[in-house]
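Thanks for making the time.

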Amino acid sequence: MLEVKHITKYYGNNRAVDNLSFTVKDGEIFGLLGENGAGKTTTFRIIMGLIEASSGEVLLDGKKIDYSLTDEIGFVTEERSLLTKLTVLEQLKFYGVLKGLDEKLLEKDIDKWLEKFEITSYKNRKIKELSKGNQQKIQFISAIINHPKLLILDEPFTGLDPINVKMMKDAIYDLQKEGCSIIFSSHQMEYIEDFCEKLVILVKGHPVVSGDLKTIKNEFGIKNVMLRGEDLPLDEIEKVKGVISVSKVKGEIEVKVESRDIAPKIFSLVKNSNITKYDVVEPTLNEIFIAKVGGIHE
Amino acid sequence: MNKKFWYLTKVSLRKKVKSKWFVITNIILAVAIILLLNINSLVTFFGGDFDSKTNIIVIDNNTNSYSLLKQNLESYASSLNDEEDLRISVTESNESLETLEEDLKDDEILIELNSSEDEYLTAEVVSNEKIDTLTYQVISQGLNSTKTSIGMAVNNIDPNVLNNISSPVSITRVALNEENSVDENMGLIMSSVFPTIILPFFMLTMILIQMVGGEICEEKTTRSMEIIISNVSPKQHLMSKILASNIFVILQGVLLVVYTVIGFLISTNMLSNGLALPSDVTSIFDSLVAAGFIEKLVYVIPLTLILIVLSFLAYSIVAGILASMTVNMEDFSQLQTPLVFISLGGYYLAMMAGMFNGSILIRILSYVPFLSSFVSPSLYMMGEIGLVDIIISIVVLILFIYLILHFGIRVYKVGILNYSNEKVWSKFFKAFKSKDV
């Protein structure tokens, strides 16, 4: 279990992370969100022990993270961290041994992973000769080759096509089943919604939203009423108190309302129209993110 | 130092040694050094002829000194033959100078001897092309000696008396300070010989700076640094790069020595003639022993090697720290320039030391880290400083290495994770002052 307790990090007078706390239990996938420069990379570096927090502490299974524990952690950085002049085998061996694995026994494991990701034929090719997607797979394998207790994934799906995304997702779910704690960061909110049960949204290093995804959505308040039909009284809907906006989205009408209580009023207005769809849906994480991050900027 | 440190060192060294460029560079170096040491044979092979004879034709217009001149010319030419390749044949001709000039060949020189009331001997030397310095020197000395002999005979001067007049003053040199009891000519020899010996050290220093910096820069620019540093401490990372690069340059230095020895063996035909040293080499060796040179080398070689290894260490630590502050190779190339100039300065100081005997400034600079490995041994060989001074230079260098490691590692730890060019020096000084390592 990873425990991040009230960490704050200053670079000079600039506060990069401000009193951030969260816990990632074994077998849990946790989302760390924030716009560029929000403090995600600094948080990852503190967790990895690369930099010291100005205050607060990070514990893995109750122990402070230092070089005796980093063998238990896997890290996929946002930008590809590969030595491009090495071959795939050399690169994976290099990172594997740095994770404390035996160089002689490593090749068997490497072969297994290369086969799983369907890149066995590239084993002796140089990293720089590989496509971006295949490089990303190598980076992912290098992070999980040690079967980590904690896996940090910073934009892991960059450069991957949907088939390879699915392949990597399956691998992540397998690790989750093994009890690995996973921290996931991505700008693509659908991945976060897909993966994470818990998350935190950082704005200028400060957590503005934190907790269970379901609770966050419930507490967010704003809901969407999705309508499809003929002769919908859109002007009347717009005038209803509590309606934020009415817009056309992919052939449907999306009515944003301040709370779930407004939805019955909308229904009473459209029930006599020829409607084929009436659905009250939760806001997307993207909407919550824009509302929280954008709102603060405004 | 743990398993990961040795693994990092091994991988780093393997990458350098297994590189195709290392193999190609060494093939080129080996061929170049061996060819350079056998340049005479090479030029001869491609048509040059160092062994060609120069035919000197003497026209003696009633001076009766042909036999004497011939004897003198052959004597001087043979005295030079130990070190230089000069072959001459001297013949007399009864034909006139004008007649011989018409069919004069390129390898022929005409000497017309005349005498007058004022001069015992005058000569006109004719050739198609310019005469090389060595041949002209032999002709000039031969003519002078012949003239002196004629003068002695004419004036009935005893040869012993003349020899006493013309021989140089015999000097017995005594230096009260035993350390400085060296032949003064050694200064001149050292000012030209020592820089040649330390040239490979200068080149290896350049390679070392490039190698340490290049590798750290590469790991930074590919962002693999974050993964590596999350598994080994920055100190271990830096030390592994330094160790691997130092082993590499020492290996390269040893290979250069091996190529030189092979080239030397080929040039002196020792490979076919057995391991006995040629007579000219043993005679040089004997003169060096007589001058106390070899005795000094016995002390100075180990101390110089220690200085060189420590200097390599100091250069590589600074190169590593500078590389950690840069974000790409272009930045590092600029940042390493001061190091290159310092090392170049040391090289020139070692060369100039012979020209400025007794310079206090050069003596002080011989204690300065980065410069000491170039300057100290040079000054010692010239008798300017003693063994104690070299040992002081070594101690100063060890202290310097300790300090740059102690403070530099703070900068390195911050630098390797810095990818921004903004406020680099401010971050550098802040890290330098911090105790958080």
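Before the helices, a word on axes: each helix axis here is a line fitted to C-alpha atoms over the stretch in contact, and angles run from 0 to 180 degrees between N-to-C directions. Please also keep in mind that this is a predicted model.

With that, take helix H2 of chain A, residues 88–98, and helix H4 of chain A, residues 132–144. Their axes come within 9 Å and cross at roughly 30°. Angles under 35 degrees count as roughly parallel, and H2(A) and H4(A) are therefore roughly parallel to each other. The crossing is right-handed.

Which residues of H2(A) meet H4(A)? They are Val88(A), Gln91(A), Leu92(A) and Tyr95(A), and on the H4(A) side their partners are Ile138(A), Ile141(A) and Ser142(A).

From H4(A) come Gly133(A), Lys137(A), Phe140(A) and Ile144(A); from H5(A) come Asn164(A), Met168(A), Ala171(A) and Leu175(A). The classes in this contact are 5 nonpolar, 2 polar and 1 charged.

Now the chain as a whole. Chain A contains 10 helices and 14 strands, and its C-alpha trace spans about 75 × 45 × 30 Å along the principal axes. Of the 298 residues in chain A, 38% are buried. If we take contacts in chain A between residues at least 6 apart in sequence, 69% of them join residues at least 24 apart.

The domain assignment divides chain A into domain 1, covering 2–217, and domain 2, covering 222–282. The centres of these two domains of chain A, taken over C-alpha atoms, are separated by 41 Å.

Last, the partner chain. How many residues of chain B are in contact with chain A? There are 16, and they touch 21 residues of chain A. On the chain B side, helix H1 (3–17) and helix H9 (224–229) each supply at least two residues. H9(B) gives the most to that side, with 5 residues. Sorted by class, the side of chain B that touches chain A has 7 nonpolar, 5 polar and 4 charged residues.

That is what I have; questions are welcome.

Key:
Residues are numbered from 1 along each chain as its sequence is written. Chains are lettered from A and ligands numbered from 1 in the order in which they are written. This is a predicted model: local features need pLDDT of at least 70, side-chain atom pairs count only at pLDDT 80 or more; totals for chains, interfaces and linings use all residues. Domain bounds come from an automatic or database domain assignment. Two residues are in contact if their C-beta atoms, placed from the backbone, lie within 7 Å. Helices (H or I, at least four residues) and strands (E, at least two) are DSSP runs, numbered from the N terminus. Ala, Val, Leu, Ile, Met, Phe, Trp, Tyr, Cys and Pro count as nonpolar, Asp, Glu, Lys and Arg as charged, and the others, Gly among them, as polar. A residue is buried if 20 or more other C-beta atoms lie within 10 Å of its own, exposed if 12 or fewer, and partly exposed in between; C-beta atoms are placed from the backbone. Angles under 35 degrees count as roughly parallel, over 145 as roughly antiparallel, 65 to 115 as roughly perpendicular and the rest as oblique. A crossing is left-handed if the near helix is turned anticlockwise from the far one by less than a right angle, and right-handed if clockwise.
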